[in-house]
Number of protein chains: 2
Amino acid sequence: MAIDRKQLILEAAKKSFSLFGYKATTMDQVAKLANVGKGTIYTFFKSKEEILDEIVTSLIRDMKAEAGNAIDPNSRFDENIRRVLIRFLEFRKSHQLTIKLFQEEREIGTKAVVDVIQRVEQAIIDYMKGIIQDAIDRGEIKECNPEITAFVMLETYVALIFDWEQHHPPLDKEEMSDLFKLYFFEGLLK
Amino acid sequence: MAIDRKQLILEAAKKSFSLFGYKATTMDQVAKLANVGKGTIYTFFKSKEEILDEIVTSLIRDMKAEAGNAIDPNSRFDENIRRVLIRFLEFRKSHQLTIKLFQEEREIGTKAVVDVIQRVEQAIIDYMKGIIQDAIDRGEIKECNPEITAFVMLETYVALIFDWEQHHPPLDKEEMSDLFKLYFFEGLLK
DNA sequence: AAAATGACCAAATGAACAAAATAGTCATTA
DNA sequence: TAATGACTATTTTGTTCATTTGGTCATTTT
């Protein structure tokens with residue numbers, strides 16, 4: 001069987017995006033890395049952006065799979081949702097591609113990258129939304145808007161992990177977990 | 001009595017910063033607006049940045065005063081802290097100077113402006129910290145780290161007001177209030 | 001004498017232009 | 001028929017240089 005050129009291109013692009021970022025990756029470079037002519041790329045993809053889109057689509061698939069593994073049917077809802085969130089953010093922290101893309105979004109703001117990050121974030125929120133809706137249906141938590149709830153939880157986690165550390169000593173996993181439990185599940189009121 | 005030249009300069013600078021931003025304001029412009037020679041400015045201030053610092057210091061004083069007015073001794077803690085937060089963010093939304101400065105921070109990232117915004121944010125957190133510590137002392141809420149709690153509350157509010165609206169219909173005050181109560185005070189668990 | 005001033009300067013900025021690089025096309029090739 | 005890389009229109013980058021700017025200080029005004 002002949003080599004799967006499309007796959008070669010996707011892998012080359014992913015490697016280059018991870019190493020140099022989206023903007024700094026040239027199509028010539030991708031062609032060379034994939035050992036194909038540049039024209040070949042355009043028989044599989046409409047544009048550079050479409051390559052990124054396809055890569056991110058499979059990235060989202062991987063993230064969801066990882067998040068699924070984090071769920072333990074024997075644990076309570078609040079335990080599970082915290083584990084899912086941690087998985088998502090650790091995925092993001094441990095994969096070179098996501099690190100580079102988030103960095104490029106903040107520092108350069110390349111349009112295609114901003115769009116794609118938005119998709120990743122929405123995918124996380126949609127995933128959590130499902131879990132939250134289930135918990136409501138099962139009567140484990142109070143009625144609430146699942147989308148807003150997922151949004152607020154994600155924003156809070158991101159703030160605690162990325163922004164708090166800008167001016168304070170970082171929080172360890174244990175502390176994070178306790179804070180989350182206190183703020184979102186038990187509430188501050190005595 | 002002679003005109004207070006220092007005050008004239010501060011007012012001229014504040015007006016210009018509000019209208020054009022910090023970077024786009026020139027010292028010649030401030031001098032002209034204040035009807036003083038440029039050299040005079042430097043008998044009162046060491047640098048352009050020092051003018052901004054002094055303006056923001058008094059801005060923080062005003063914000064704290066406004067926040068203080070929002071506190072009603074007859075209301076419960078959670079009602080009060082929500083009102084204080086709303087006051088802070090409305091202050092920020094309704095004063096031309098803060099609008100311009102936050103915009104310049106995001107869009108240009110002028111160093112002096114980034115520093116000054118950080119000071120404003122820390123001032124809000126410190127103020128809330130005090131209120132939270134009081135509530136803990138009075139036994140109204142559970143033990144918690146007041147600084148982290150203030151930080152998370154501010155981040156959440158900002159996310160709901162500024163980020164949520166990017167891709168969703170805005171939340172009205174009533175909804176915001178209910179969400180805040182649910183997430184932070186009562187908790188999601190049944 | 002003290003306070004105020006604006007001409008002046010070194011450094012920063014940005015407009016304008018040239019050169020290089022790049023995404024995407026298409027006639028040719030294998 | 002699938003693959004290719006030379007080619008092109010458009011962006012991006014690098015460079016130059018006139019203008020602008022924050023800040024100083026010798027001079028003027030009070």
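In this predicted model, in which local features need pLDDT of at least 70, side-chain atom pairs count only at pLDDT 80 or more, and totals for chains, interfaces and linings use all residues, the axes of helix α4 (residues 48-70) of chain B and helix α5 (residues 77-94) of chain B come within 8 Å and cross at roughly 145°. Axes here are lines fitted to C-alpha atoms, for helices over the stretch in contact, and angles run from 0 to 180 degrees between N-to-C directions; helices (H or I, at least four residues) and strands (E, at least two) are DSSP runs, numbered from the N terminus. Residues are numbered from 1 along each chain as its sequence is written, chains are lettered from A and ligands numbered from 1 in the order in which they are written, and side-chain values use heavy atoms, with hydrogens and water left out.

**Helices α4 and α5**

- The crossing of α4(B) and α5(B) is right-handed, where a crossing counts as left-handed if the near helix is turned anticlockwise from the far one by less than a right angle, and as right-handed if clockwise.
- Contact, meaning heavy atoms within 4.5 Å, involves residues of α4(B) including B:Leu59, B:Met63 and B:Ala67, and residues of α5(B) including B:Val84, B:Phe88 and B:Phe91.
- The residues of this contact between α4(B) and α5(B) divide into seven nonpolar, two polar and four charged, with Ala, Val, Leu, Ile, Met, Phe, Trp, Tyr, Cys and Pro counted as nonpolar, Asp, Glu, Lys and Arg as charged, and the others, Gly among them, as polar.
- In chain A, helix α4 (residues 48-70) and helix α5 (residues 77-94) pack at an angle of about 145° with their axes 8 Å apart, and the crossing of α4(A) and α5(A) is right-handed.

**Helices α1 and α2 of chain B**

- The axes of α1(B) (residues 5-20) and α2(B) (residues 27-34) come within 8 Å and cross at roughly 125°.
- The two helices α1(B) and α2(B) are therefore oblique to each other, given that angles under 35 degrees count as roughly parallel, over 145 as roughly antiparallel, 65 to 115 as roughly perpendicular and the rest as oblique.
- In a right-handed crossing, α1(B) passes α2(B).
- Among the residues that meet are B:Leu8, B:Ile9 and B:Phe20 in α1(B) and B:Val30 and B:Leu33 in α2(B); by class, this contact has eight nonpolar, two polar and one charged residues.

**Chain A and its relation to chain B**

- Chain A has nine helices and zero strands, and its C-alpha atoms fill a box of roughly 65 × 40 × 25 Å along the principal axes.
- The same surface serves both copies, with 100% of the contact residues of chain A recurring in chain B.

**Aromatic pairs**

- Over all chains the structure holds 17 aromatic pairs, in which rings of Phe, Tyr and Trp (its six-membered ring) pair if their centres lie within 6.5 Å, while planes under 30 degrees apart count as stacked, over 60 as edge-to-face and the rest as tilted.
- One of them is the tilted pair of B:Phe180 and B:Phe184, with 5.0 Å centre to centre and 55° between the planes.
- Being four residues apart in helix α9 (residues 173-186) of chain B, B:Phe180 and B:Phe184 are separated by about one helical turn.
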